[in-house]
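Student: I am new to this structure. Please take me through the terms used to describe it.

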Amino acid sequence: MTSSNRIIIKETLSENLALRDLASSFFDKIEKNQAKQVVIDFKGIKSISRSFAQEYLSRKAKSKKSISEANIPENVEKMFEIINEQETRTPIIDLKSVKVICI
Amino acid sequence: MSELEFPNQLNNFLTFCNLRNSAVESKALDLQLSSWFYPTALLPLGAFIRENRKKIKYVPPANQNVANYISLVIGDLKVESECKTYIPIISLPPKSSENESGKLLECVFKFHNNGKEYGGENAFKYLISELVDNIYQHSEFRNAFVMAQKYEKKRFMEICFFDDGITISGSFAKKGMIFEDSEAILQAINGLSTKGSERGFGLGSNLKVFTQGLPGEMLIVSGKGAAFFKANEPTKLYILQDKYKLKGTLISVRIPYPVKEVDIYDFIQ
């Protein structure tokens, strides 16, 4: 694999991976790349939102390229695990306990 | 808090509504007697002033310090000094320039010292990122703003997001899901999504981290609905009269500080 197939995501985006649309546009660029194998290097990433991570994994799953990751920080790894191991959705609010007030 | 008392953030929102309604009726926004505003009132008020500069006369507070503060906060100024205790009202860039949105987030992170006192860098950045992303994903806003204020003596900070978009119920309605404004807020928190079963985890997970992890308080106002969330208290859902209707959505969060590091993965679904 040539070094041009390794993308340091911090340099392309930011050390904070925040917005879903940024993950989407990031993958748009990857898809335009001629390389069939791409390594995404997460070196230096400080934070990742659930939205960014979900879009990243969703686009990766749909891509015909071979995409792998390197230097994934623990917090990014945990976020990916939460999305991959997504269980049945649990309601946050118990609707029966909600107090309704008219103003 | 007694049954009849409203949460502080809701009272501040109602203050905004009363000032707005009076201004619309009299064609003058008279703040002469106003002594202070929290972001929950000041952010929508600032947006109102900006939108109606030519139509409504603005009478600033008699107290010069308050008048100066308001003019600074609503002036869309950049944060130039790290000593400031506030982030002025900053516009979120339109969807077409999301890179600019990244810069705005960096500004919010930097102002709050990367969230180190607010549950840690990972938690703080996660919370703010998800709230901003929600606005981009669902609101279809023409104008959207963020503002924050630290209260060093009271040991909390308040950060607010306001967009003039289609509201939460409006977003559901576009997909044929019809709810009253107040019910739509709860549906969104509980994970109903207009974008498929993989989506809809953001707001609910955010609420858990904010209220159970930090623990903070969150007020959401959207259209004629409002909801207030605080740990160990039942959720309060408000059905608002027409005079308290908000065109768009306001999210106000109070976070105490310092808060030790929060493991967000205990709360995220």
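**Two helices of chain A**

Tutor: R50(A), A53(A), Q54(A) and L57(A) in α3(A) meet M79(A), F80(A), I83(A) and N84(A) in α4(A). Two residues are in contact if their C-beta atoms, placed from the backbone, lie within 7 Å. By class, this contact of α3(A) with α4(A) has five nonpolar, two polar and one charged residues. Ala, Val, Leu, Ile, Met, Phe, Trp, Tyr, Cys and Pro count as nonpolar, Asp, Glu, Lys and Arg as charged, and the others, Gly among them, as polar.

Tutor: The model is predicted: local features need pLDDT of at least 70, side-chain atom pairs count only at pLDDT 80 or more, and totals for chains, interfaces and linings use all residues. Residues are numbered from 1 along each chain as its sequence is written, while chains are lettered from A and ligands numbered from 1 in the order in which they are written.

Student: Why is α3(A) called roughly perpendicular to α4(A)?

Tutor: Helix α3 (residues 50-62) of chain A and helix α4 (residues 74-84) of chain A pack at an angle of about 65°, with their axes 9 Å apart. Angles of 65 to 115 degrees count as roughly perpendicular, under 35 as roughly parallel, over 145 as roughly antiparallel and the rest as oblique. Therefore α3(A) is roughly perpendicular to α4(A).

**Each chain as a whole**

Student: What makes chain A more spread out than a compact globule?

Tutor: Chain A comes to four helices and six strands. Its radius of gyration is 17 Å, well over the 13 Å that the globule rule gives for 103 residues, so chain A is more spread out than a compact globule. The radius is taken over C-alpha atoms, and the rule is 2.2 Å times the number of residues to the power 0.38. The C-alpha atoms of chain A fill a box of roughly 60 × 25 × 25 Å along the principal axes.

Student: How do you know that the radius of chain B agrees with a compact globule?

Tutor: For 269 residues a compact globule would have a radius of gyration near 18 Å, and chain B has 18 Å, which agrees.

Student: Which element of chain B gives the largest share to the side that touches chain A?

Tutor: The contact takes 38 residues from chain B and 30 residues from chain A. On the chain B side, the largest share, 10 residues, comes from α5(B).

Terms used:
Axes are lines fitted to C-alpha atoms, for helices over the stretch in contact, and angles run from 0 to 180 degrees between N-to-C directions.
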